[in-house]
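Please look over the structure shown below before reading on.

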Amino acid sequence: MRTTFEARGYTVWDTTSPMFIQEGPHGTSVLYIPSVFISYNGDALDEKTVLLRSTAQIAKSATELLNLIDPVPVGAQPRTNHVFTTLGTEQEYFLIDRSLYALRPDLKHTGRTLIGNLPPKHQQMDDHYFGRIPSKVLATMSETELELFRLGVPVKTRHNEVAPQQFELAPIFEEASLAVDHNLLTMD
């Protein structure tokens, strides 16, 4: 149990991630400010605080290690001042035509395939992976990339994946906390 004045959380602006504007309801615009959520005592109440603290610790420890490995003369500036952790997330997804989706109660109710048979060669169908991207899928990918561009998410790669109707979108490697924010925007 905590005393009443300690039973609260604080949001703090995460200045390592840029703000962005998205279209809101009824023609409005919404300003999103990336934030962290911490307790009265500074405990993490979200997952982003843990990520920011761990990347800061990795940067500190890696900088110390690199300066121990490659020492400089006494009084000189260290060669390594900071280490950045980077991340390149991939978004793999399946696209199913709306008319086929409507025929599948498992997809409609759970968002997952619960019934059906395995593909004849499982996920080794090179004809899909190395084939050209269908025009309807390419249009969907292009629209998604445009929306992500408007939000400042740098998308670099798009291609077919191994399973039938599986595709991938991959951004440019960037600092870990920013990559996570961009990955969440992409999923949204």
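Ser39 is found in strand E4 (residues 35-39), a strand being a DSSP run of E with at least two residues, numbered from the N terminus. This is a predicted model, in which local features need pLDDT of at least 70 and side-chain atom pairs count only at pLDDT 80 or more, while totals for chains, interfaces and linings use all residues. Residues are numbered from 1 along each chain as its sequence is written, and side-chain values use heavy atoms, with hydrogens and water left out.

With a relative accessible area of 5%, Ser39 is buried (buried is under 20%, exposed over 50% and partly exposed in between, for a 1.4 Å probe and protein chains only). Leaving aside residues up to four places away in sequence, Ser39 touches Arg8, Gly9, Tyr10 and Leu45, where contact means heavy atoms within 4.5 Å.

## Aromatic pairs

Rings of Phe, Tyr and Trp (its six-membered ring) pair if their centres lie within 6.5 Å, and planes under 30 degrees apart count as stacked, over 60 as edge-to-face and the rest as tilted. By this rule there are 2 aromatic pairs. The rings of Phe20 and Tyr32 are stacked, because their centres are 5.1 Å apart and their planes stand at 5 degrees. This pair links distant parts of the chain, 12 residues apart, with Phe20 in strand E2 (residues 20-23) and Tyr32 in strand E3 (residues 29-32). Phe20 is buried at 16% relative accessible area, whereas Tyr32 is partly exposed at 36%.

The rings of Tyr93 and Phe167 have centres 6.3 Å apart and planes at 40 degrees, so this pair is tilted. Because Tyr93 lies in strand E6 (residues 91-94) and Phe167 in strand E8 (residues 166-171), the pair ties together parts that are 74 residues apart in sequence. Tyr93 is partly exposed at 24% relative accessibility, while Phe167 is buried at 0%.

Notes. Helix = DSSP H or I, 4+ residues; strand = E, 2+ residues; numbered from the N terminus.
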